[in-house]
Amino acid sequence: NQWRILALVAAVGILAAFVASSLPLVYRSTATILVEAGKPKIISIEEVYNSMGSAQREYYQTQLEILKSRDLAAKLVRQLKLADHPQFKPGARSPAFYEKWVPKWFVGEDAAATASPERLENRVISAVQSGVNPQQVRNSQLIRIAYDSHDPELAAAVPNALVDIYIDSDLESRMKMNRKASSFLTGQTAELKKKLSESEQA
């Protein structure tokens, strides 16, 4: 019985080693971005002590949610053309070692293989969105974005491209706000000039 137990343990160990060696490597890359909060308005010292901490936390939490948003993930997928990448493209990945001996009906058909291009893109966007992991570096204004992939080039490309897309989106958002503010001020100035002219004529 003792030899049987030892043989069983050895067989399990060999099988575990074989399975572990057949698993694909996972690469992780990170990109770090400096996120500075907007300059505060001139307020009282009491307001500074009461609101600065919570306002900073809310601001960085908002930026983390933006980095994890589906909108940025969609832009990333289209910019890098990830719907055509072997890691996400149906039929392009190598079959797992056990699929050679397991019947196809048992493994099941890959639903992505028969999906429309739109549904496939949505699947890729969801996969990338769930794979992106942005975290704020403690006691700093830095956010570190990590991404894991079996492809080392893809692992490096995703966080770097996401940083660029985030910066572009932030600049675009600020420009829209400036245009709206400028348009509002222009309208207010014209209204004030009109009222001033009417008061002078009265």
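A residue counts as buried when its relative accessible area is under 20%. The legends below apply this term to a predicted model.

**Figure 1. Overall view of the predicted protein, with six helices and three strands.** From the N terminus on, the elements follow the order α-β-α-α-α-α-β-β-α. The protein has 202 residues, of which 20% count as buried. Its exposed surface comes to about 15300 Å², and carbon and sulfur atoms supply 58% of this area. Among contacts between residues at least 6 apart in sequence, 75% join residues at least 24 apart.

Figure 2. The side chains of Ser 149 and Gln 87 are joined by a polar contact of 2.6 Å. A polar atom of the Ser 149 side chain also lies 3.0 Å from the backbone nitrogen of Asp 151. Beyond its neighbours within four places in sequence, Ser 149 is in contact with Leu 25, Val 26, Tyr 27, Gln 87, Leu 154 and Ala 155.

**Figure 3. Close-up of the crossing of helices α3 and α5.** Helix α3 comprises residues 70-80, and helix α5 comprises residues 117-131. Their axes come within 9 Å and cross at roughly 115°, and the crossing is right-handed. On the α3 side, the residues in contact are Arg 70, Ala 73, Ala 74, Leu 76, Val 77 and Arg 78. They meet Glu 121, Asn 122, Val 124, Ile 125, Ser 126, Val 128 and Gln 129 of α5. By class, this contact contains seven nonpolar, three polar and three charged residues.

Definitions and conventions
Residues numbered from 1 in each chain as written. Predicted model: local features only at pLDDT ≥ 70, side-chain atom pairs only at ≥ 80, totals over all residues. Heavy atoms only, no water. Polar contact = N/O pair within 3.5 Å; in protein donor to acceptor, adjacent residues only side chain to side chain. Contact = heavy atoms within 4.5 Å. Axes fitted to C-alpha atoms, helices over the stretch in contact; angles between N-to-C directions. Helix = DSSP H or I, 4+ residues; strand = E, 2+ residues; numbered from the N terminus. Left-handed = near helix turned anticlockwise from the far one by under 90°. Nonpolar A, V, L, I, M, F, W, Y, C, P; charged D, E, K, R; others polar. Buried < 20%, exposed > 50% of the residue type's maximum accessible area, 1.4 Å probe, protein only. Areas by Shrake-Rupley, 256 points an atom, 1.4 Å probe, with all protein chains shown as cover.
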